[in-house]
Amino acid sequence: MTGDQAKEPDLGVLAARVLFSVQRELFGALAEQGFDDIAPRAGAVLAHLRADGIRASELARVSGQHKQVIGSLVDDLERLGYVERGPDPADRRAKLVRPTERGLLQMEAAAAIMRTIEERHARALGGPEYAAFKAALRQVAELQSETPGRDQAG
């Protein structure tokens with residue numbers, strides 16, 4: 001083993017392991033429940049979708065994705081029947097992305113699956129330890145998103 005292989009995995013490697021593993025479990029369970037037409041990349045929209053709607057520009061900001069990427073994902077999800085675009089009552093020039101009936105069902109299913117995943121980890125680590133882990137991870141994510149020089153969603 002080289003020195004690099006023997007050392008502890010860095011933040012990027014650990015974050016990727018968690019992300020990809022959670023995505024596999026989440027999207028596998030969703031597929032078993034009939035939501036087999038969505039890909040993990042759609043999570044950039046689905047994870048931040050709100051029942052009352054959200055602007056695409058806000059989806060880009062909270063997901064860290066470019067507006068063009070979000071627009072393409074919304075197009076795909078609209079074609080699949082998960083979302084629809086409609087006027088924003090607060091600003092007639094703006095559009096909101098809203099979940100359809102199928103989108104709401106998917107959101108409920110995903111929330112239940114994620115609760116199961118989180119409960120499993122909380123049992124394994126202990127409730128207080130898991131809560132501390134999530135708080136620290138949230139703080140690291142916020143600090144990282146504020147780091148100058150990273151590609152901003154624009």
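**Note on the predicted model**

1. From the N terminus on, the elements of the protein chain follow the order α-α-α-α-α-β-β-α-α. That comes to seven helices and two strands. The model is a predicted one, and the values below are computed from it.

2. Overall dimensions: the C-alpha trace spans about 55 × 40 × 30 Å along its principal axes. The protein chain has 154 residues, and buried residues make up 25% of them. Its accessible surface comes to about 10200 Å², with 55% of that belonging to carbon and sulfur atoms. Among contacts with a separation of 6 or more, 50% are between residues 24 or more positions apart.

3. The two strands pair with each other. Strand 1 (residues 83-88) and strand 2 (residues 91-99) run in the antiparallel sense, paired over six bridges. For V83, the bridge partner in strand 2 is P99.

4. Is D88 buried or exposed? Its relative accessibility is 7%, so D88 counts as buried, the cut-off for buried being under 20%. The side chain of D88 makes a polar contact of 2.8 Å with the side chain of R55. A polar atom of the D88 side chain also lies 2.9 Å from the backbone nitrogen of A90.

5. Which residues does D88 touch, leaving aside its neighbours within four places in sequence? The contacts are R55, A94, K95 and L96.

6. The structure holds two aromatic pairs. In one of them, the ring centres of F35 and Y82 are 6.3 Å apart and the planes stand at 50°, so this pair is tilted. F35 lies in the loop between helix 2 (11-32) and helix 3 (43-46), and Y82 in the loop between helix 5 (67-80) and strand 1, so the pair ties together parts that are 47 residues apart in sequence. Both F35 and Y82 are buried.

7. Y130 and F133 also form a tilted aromatic pair, at 6.0 Å centre to centre and with 35° between the planes. Where do these two residues lie? Both are in helix 7 (residues 127-145), three residues apart, which is about one turn of the helix. As for burial, Y130 counts as buried because its relative accessibility is 12%. F133, at 40%, counts as partly exposed.

8. L14 is found in helix 2. With a relative accessible area of 37%, L14 is partly exposed. How far apart are L14 and Q144, in sequence and in space? They are separated by 130 residues in sequence and by 15 Å in space, taken C-alpha to C-alpha.

How values were computed
Residues numbered from 1 in each chain as written. Predicted model: local features only at pLDDT ≥ 70, side-chain atom pairs only at ≥ 80, totals over all residues. Heavy atoms only, no water. Helix = DSSP H or I, 4+ residues; strand = E, 2+ residues; numbered from the N terminus. Buried < 20%, exposed > 50% of the residue type's maximum accessible area, 1.4 Å probe, protein only. Polar contact = N/O pair within 3.5 Å; in protein donor to acceptor, adjacent residues only side chain to side chain. Contact = heavy atoms within 4.5 Å. Phe/Tyr/Trp six-rings, centres within 6.5 Å; stacked < 30°, edge-to-face > 60°. Pairing = 2+ DSSP bridges. Areas by Shrake-Rupley, 256 points an atom, 1.4 Å probe, with all protein chains shown as cover.
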